[in-house]
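Student: I am new to this structure and would like a close look at one part of it. Could you walk me through it slowly?

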Amino acid sequence: MELEHIGKNEYELFFGPAHPGSGNFSVKLKVEGEKIISARADPGYLHRGFEKLMEYRLPLQNAVLSDRICILEPLNWNLIHAEAVDELMGIEIPERAKYIRVIMAELSRIQSHIIWYGIISIGTGFDTGFKIAFGYRDYILDLFEMITGGRVYPAGYICPGGVRRDLPQGAEERILKVLEKIEEMLEFERMENPAHLERMKGVGVLKLKDAIRLGATGPVLRGSGMKADVRKDDPYEVYDKLDFEIPVRNEGDAYARYMIGLEEIQQSINIIKQALNDLPDGDFIAKEFKKPKLAMKIPEGEVYVRNEIARGEAGIYMVSDGGTTPYRVKIRGPSFLHMIPVFEYLLKGAEIADVPAIYWSLNICPADLDR
Amino acid sequence: METDILNKINAKFEVEGEMQRERRIWVKIDKEALINLCKFVKEMGFEHLSAISVTDWLKEGEYEVTYHLWSYKDKILLTLKTRIDRNNPNIKSVVPIWGENAQIHEREMHEMFGVNFEGNNDLSPLFLEDWEGPPPFKKDFNWREYVREKYYDRGNEREISYFEEV
């Protein structure tokens with residue numbers, strides 16, 4: 001943090017980009033005493049230019065690349081990319097692959113929400129929560145290692161046409177065992193904690209009208225009282241066959257957003273249990289992609305695919321001119337709007353001490369902002 | 001539902017509309033009529049601007065600006081597409097309609113493609129710091145050449161082997 005004196009009582013404070021409480025992202029705060037007068041986000045620390053990189057690569061290479069869009073939930077980004085290519089190429093995905101995709105996406109969501117809980121805890125001064133969260137997250141990482149081969153990055157496990165490998169033997173039982181463990185952790189999370197209550201109740205209030213105007217989606221929007229979830233409203237894969245609820249809260253403060261994250265873990269557990277129960281037999285990848293040709297052409301056309309990831313609405317706009325690589329890829333990350341307009345808006349008038357609580361309650365990932 | 005919305009738009013504007021599949025509508029419109037159409041669809045319930053994107057059609061010498069809109073009420077994704085001249089990329093801003101959300105998307109597109117959004121008062125650089133080259137997402141931007149000129153350290157053996165073989 002750097003401090004610069006600019007007026008009688010005014011200071012300019014630079015928060016980030018290597019500050020432990022900020023992630024790879026910075027924000028310039030103008031403060032008067034303890035109060036923030038204005039904030040200006042300064043992203044770009046993680047800009048890698050995925051949209052351009054993808055124009056030079058084949059869909060199968062892009063599947064691997066799409067992991068890196070967000071470090072905290074690579075499988076969900078895998079899924080969005082795969083869906084965009086599937087839709088452009090008009091590939092019929094085997095039913096089993098759809099179920100495996102949903103199971104993996106939901107495991108990834110739980111894992112991401114657990115990180116969220118851990119990071120909120122450390123941001124509000126409750127270290128135990130951080131350690132518990134990362135301990136339990138490891139159970140899911142073990143599952144990822146068994147199924148995809150990678151603990152954090154699945155290296156394009158969810159690829160165009162389906163998934164790269166079938167679930168290994170005994171995977172279903174192990175997933176159920178891990179879910180039991182996660183429920184154990186939820187018990188712990190549900191205990192009301194003074195650190196969370198004091199630091200987050202009434203902090204960073206976002207009204208529904210502002211949330212829509214600023215482009216908030218996902219838990220942030222639902223924390224402000226809007227019942228909207230892409231899985232329900234614009235269903236993809238097999239979400240329309242599964243029964244789950246959308247947690248909504250009306251308060252709009254940091255605590256409401258945090259509680260939504262907690263309730264969503266339970267919903268994801270329910271989804272995975274149902275999907276495992278209904279999991280059909282059959283192929284796990286479409287026959288066109290069983291032995292993929294490298295120079296496979298993508299038919300001319302354009303699609304806009306939306307998914308609900310842990311952070312909110314994610315989208316890929318893909319245009320093809322009939323070549324082997326996409327002509328243009330636009331990636332819409334949920335954090336792009338949560339970290340710039342929403343965050344700047346919430347910081348105005350807040351206290352410096354509340355910055356970490358507000359920041360982490362938005363569940364943001366600098367990687368999908370900068371791309 | 002989808003055809004209803006298309007009919008409503010068709011009744012007021014000269015557009016080329018298409019229903020791609022369930023919940024997906026694509027509409028092509030002239031640059032001049034865009035702002036009026038945007039106001040019209042916002043009132044119809046397309047409150048959420050999911051993304052603004054630009055595609056660089058080098059051969060045609062045109063940029064295609066796309067607006068992806070979502071209606072929470074009707075649960076439909078509407079994409080508005082409009083073409084502008086690539087050498088004179090000016091288009092009216094939609095900030096008065098969708099507010100700060102549009103502002104940040106336009107700022108990004110300005111940086112990456114050099115499109116000038118008239119009426120957007122803050123188009124300062126977003127991701128790139130001290131960038132002197134042309135907008136990097138343009139199709140005719142030769143990034144290999146740019147990197148070779150700007151960042152190639154001829155004294156570094158490892159880099160010589162990389163750059164000279166390309």
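This is a predicted model: local features need pLDDT of at least 70, side-chain atom pairs count only at pLDDT 80 or more; totals for chains, interfaces and linings use all residues.

Student: How many residues does the contact take from chain A, and how many from chain B?

Tutor: The contact draws on 41 residues from chain A and 46 residues from chain B. In chain A, the residues that lose the most area to chain B are Lys52(A), Tyr304(A) and Tyr327(A), which together make up 17% of what that side buries. Taking chain A and chain B together, about 3700 Å² is buried between them, and carbon and sulfur atoms give 53% of that area.

Now for the pairings across the boundary. The rule finds 10 salt bridges across the interface of chain A and chain B. You can look for a salt bridge between the side chains of Arg40(A) and Asp122(B), with 3.1 Å from N to O.

Sorted by kind, the residues of chain A that touch chain B divide into 20 nonpolar, 17 charged and 4 polar.

Chain B is more spread out than a compact globule, because its radius of gyration is 20 Å, well over the 15 Å that the globule rule gives for 166 residues. Along the principal axes, the C-alpha atoms of chain B fill a box of roughly 65 × 35 × 30 Å. Of the 166 residues in chain B, 52% are buried. Among the contacts in chain B with a separation of 6 or more, 49% are between residues 24 or more positions apart.

Val248(A) sits in the loop between helix 10 (230-233) and helix 11 (254-278). Val248(A) counts as partly exposed because its relative accessibility is 30%, which lies between the limits of 20% and 50%. Leaving out residues up to four places away in sequence, Val248(A) touches Arg222(A), Gly225(A), Met226(A), Lys227(A) and Ile260(A).

Definitions and conventions
Residues are numbered from 1 along each chain as its sequence is written. Chains are lettered from A and ligands numbered from 1 in the order in which they are written. Side-chain values use heavy atoms; hydrogens and water are left out. Contact means heavy atoms within 4.5 Å. Buried area is the accessible area (1.4 Å probe) that two parts lose on being put together, summed over both. A salt bridge is a side-chain nitrogen of Lys or Arg within 4 Å of a carboxyl oxygen of Asp or Glu. Ala, Val, Leu, Ile, Met, Phe, Trp, Tyr, Cys and Pro count as nonpolar, Asp, Glu, Lys and Arg as charged, and the others, Gly among them, as polar. The radius of gyration is taken over C-alpha atoms; the globule rule is 2.2 Å times the number of residues to the power 0.38. Buried means under 20% relative accessible area, exposed over 50%, partly exposed in between (1.4 Å probe, protein chains only). Helices (H or I, at least four residues) and strands (E, at least two) are DSSP runs, numbered from the N terminus.
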